Amino acid sequence: MFAIYTNCSKQLTENEETLPAVAMTFTLCAIMLLPFSQQGVTWIFEGQNLFPMLFMALAATSLAYIFYLAGLEKISSSSAVTLSLAEPLTACILGVFLIGEYFSPT
């Protein structure tokens, strides 16, 4: 699915700028996923959920995909998907060396 997303995004960025491409992609995905949400999105505004959700939406997701699509304009989609496979390995190595997580065989 990530390869399909990357190929579609590559074609989209050939016609649009990076920011509108990310906005279109996430808006379309949100609309498609909304019927599966039983409570809707009202839980975002309850208690202390708003600020973590804003951080995850802006910094952790949108900014990352803006950089990803900006890079996708410069390299092929197959190279981008292959390079993105290093993300879990990088996260594991950073977790072990920076915050002292336990590295188990599993």
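Student: Which helix gives the most to the lining of the largest pocket?
Tutor: First the terms. On a 1 Å grid over the protein atoms alone, a pocket is an open set of points where a 1.4 Å probe fits, with protein on both sides within 12 Å along at least five of seven lines, and lining residues have an atom within 4 Å of a point. Helices are DSSP runs (H or I, at least four residues), numbered from the N terminus. In this predicted model, α3 gives the most to that lining, with seven residues. Both α2 (18-33) and α3 (50-72) supply at least two residues each.

Student: What is the volume of the largest pocket?
Tutor: A volume is the space filled by probe spheres set on the grid points, which are joined across faces, edges and corners. For the largest pocket this comes to about 490 Å³. Its lining has 18 residues, and A30, V41, I44, M53 and A57 are the closest to the pocket's centre.

Student: How do the residues of that lining divide by class?
Tutor: Ala, Val, Leu, Ile, Met, Phe, Trp, Tyr, Cys and Pro count as nonpolar, Asp, Glu, Lys and Arg as charged, and the others, Gly among them, as polar. The lining of the largest pocket has 14 nonpolar residues, four polar and no charged.

Student: Which residues line the second largest pocket?
Tutor: The lining includes I4, Y5, C8, S9 and L12, as well as M24, T25, L28, C29 and M32. Helices α1 (2-15) and α2 each supply at least two of the lining residues. The volume of this second pocket is about 200 Å³, and its lining has eight nonpolar, two polar and no charged residues.

Student: Is T25 buried or exposed?
Tutor: Buried means under 20% relative accessible area, exposed over 50%, and partly exposed in between (1.4 Å probe, protein chains only). T25, in helix α2, counts as buried because its relative accessibility is 13%. Contact means heavy atoms within 4.5 Å. Not counting residues up to four places away in sequence, T25 touches Y5 and L12.

Student: What about T27 and L85?
Tutor: T27 also lies in helix α2, but at 45% relative accessibility T27 counts as partly exposed. L85 sits in the loop between α4 (77-84) and α5 (86-99), and L85 counts as exposed because its relative accessibility is 63%.

Student: Which residues form the largest nonpolar core?
Tutor: In soluble globular proteins, nonpolar side chains tend to be buried together. A nonpolar core is a set of buried Ala, Val, Leu, Ile, Met, Phe, Trp, Tyr and Cys residues joined through side-chain atoms within 4.5 Å. Here the largest one has eight residues: Y5, A21, V22, Y68, L69, L72, A80 and V81. Two or more of them come from each of α2, α3 and α4, and α3 gives the largest share, three residues. Leaving aside neighbours within four places in sequence, V81 is in contact with A3, T6 and Y68.

Student: What is the mean pLDDT of the chain?
Tutor: pLDDT is the predictor's confidence in each residue, from 0 to 100. The chain's mean is 85, and 100% of its residues reach 70 or more. Among the elements, α1 has the lowest mean (84) and α5 the highest (90).

Student: Which rules apply to the numbering and the values?
Tutor: Residues are numbered from 1 along each chain as its sequence is written, and side-chain values use heavy atoms, with hydrogens and water left out. Local features need pLDDT of at least 70 and side-chain atom pairs count only at pLDDT 80 or more, while totals for chains, interfaces and linings use all residues.
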